[in-house]
Amino acid sequence: MTVFAAEQQAAKVPGIVLSDGNVIPQVGLGVLRIDDEGVVPVVKSALELGYRHIDGAAGYNNEAGLGRALAQSGWNGKVTDAVSKLADERGVDAQQLAQQRRAKLWVTTKLKDSEQGYDSCLCAFERQLGLLGLDYVDMYMIHWPTPFDWRSSETWRAMRELQESGRVRTLGVCNFMPADLERLYNETGQWPAVNQIELHPTWQQREVVAFCKQHNIAVEAYSPMARGADLNAGDGTIERIAAAHQVSPAQVILRWHIENGTIIIPKSVHAERQRQNLDLFNFALTPEEHAAIDALDGPTRAGHDPATFTYA
Ligand SMILES: NC(=O)c1ccc[n+]([C@@H]2O[C@H](COP(=O)([O-])OP(=O)(O)OC[C@H]3O[C@@H](n4cnc5c(N)ncnc54)[C@H](OP(=O)(O)O)[C@@H]3O)[C@@H](O)[C@H]2O)c1
């Protein structure tokens, strides 16, 4: 894909305005279960296709690889070889170009559960920022509410300081249920801007979504396709809708999320699937199709239960 075509594709992705005023691209690339070497070509390919949002975490053990991918593709805000080459081609200032490109990219990372706490969060963040090779991250998240040892409010205090210092733009949480969100609010006086939760057609978590909407917390769906399990959900419902629009089952599910206003971070290591997963803006579901996917909700979680799990 040419640089121009990638820019056009990136421009089609809506921005979701968060409670803190920042704007997050509604589609990003997730990089869970990709090793540190493997993540480099995967992220480079996504950036070349027009992805402008990457969802990482300390716990994925690939922040250094993600950092190398951003540097090699000229997206880390520094004047790397890639940026110098592009600036020469365009006849523009390399420093300015580096900063403009960084401003167009959204990078999320998350704190490990074992590093929750005021001092340990500040220390972990320094390490993470260094691995990523960035001057700031766009979103820093508490990865799990750590039900066995609640330290989210102390962690939040450190995260607020990081935000005030300009090294984090947006603060978020993952896997917080309404009781966790309420506890965080009661102890800190703040709601997070984003809650990243498992959400897909067969696990819609409507009560959590309604609670988040009520408190102006944007919902971000992880495992938006149930790690692939929902692609043939509903006895072929998804596949039938896909055939009607001549798109793939993945595109149908991701389009359903887009129409719900949910932020999504599908993961794929394959460039062709990455392309599909971003190409969601040339068709729309009919109200009947949308309702048919709504009706697939069920008791099938693909991941872990936040009430009993910690990721360490
Ligand atoms: N905060 C948390 O606790 C948490 C937990 C889980 C996940 N996450 C985040 O959410 C991201 C996405 O979740 P996920 O990776 O669990 O699940 P997912 O995005 O729902 O599904 C990924 C799976 O679907 C396949 N796939 C991707 N696109 C496809 C397509 N167009 N057609 C057919 N198959 C396709 C992928 O295979 P290939 O890679 O082989 O293409 C992979 O096996 C993660 O990478 C991570 O960033 C966060």
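**Calls and cut-offs in a predicted model**

Mentor: I54 stands opposite V107 in β5. The model is predicted: local features need pLDDT of at least 70 and side-chain atom pairs count only at pLDDT 80 or more, while totals for chains, interfaces and linings use all residues. Residues are numbered from 1 along each chain as its sequence is written.

Trainee: What makes β4 and β5 paired strands?

Mentor: Strands (E, at least two residues) and helices (H or I, at least four) are DSSP runs, numbered from the N terminus. Two strands pair if DSSP finds at least two bridges between them. β4 is joined to β5 (residues 106-111) by 3 bridges, so the pair meets that rule. The two strands run parallel.

Trainee: How many bridges join β5 to β6, and which way do these strands run?

Mentor: There are 4 bridges, and β5 and β6 run parallel. T109 has Y140 of β6 as its bridge partner. The whole open sheet has 8 strands in the order β3-β4-β5-β6-β7-β8-β9-β10, with parallel pairing.

Trainee: What makes β3 and β10 the edge strands?

Mentor: β3 (29-30) and β10 (263-264) each pair on one side only.

Trainee: Why is Y60 called buried?

Mentor: The call counts other C-beta atoms, placed from the backbone, within 10 Å of the residue's own: 20 or more is buried, 12 or fewer is exposed, and anything in between is partly exposed. Y60 has 21, so Y60 is buried. Y60 lies in the loop between β4 (53-55) and α3 (63-72). An unreviewed UniProt entry annotates Y60 as "active site"; such annotations may be inferred rather than shown by experiment, and their positions are given in the numbering used here, with feature names shortened.

Trainee: Which residues does Y60 contact, leaving aside its neighbours within four places in sequence?

Mentor: Y60 is in contact with V31 and L32. Contact means that the C-beta atoms of two residues lie within 7 Å.

Trainee: Why are α10 and α11 called roughly perpendicular?

Mentor: Angles between N-to-C directions run from 0 to 180 degrees, for axes fitted to C-alpha atoms over the stretch in contact. Under 35 degrees counts as roughly parallel, over 145 as roughly antiparallel, 65 to 115 as roughly perpendicular, and the rest as oblique. The axes of α10 (residues 233-245) and α11 (residues 249-260) cross at roughly 95° and come within 8 Å. The two helices are therefore roughly perpendicular to each other. The contact is made by I238, E239, I241 and A242 of α10 with P249, Q251, V252 and I253 of α11.
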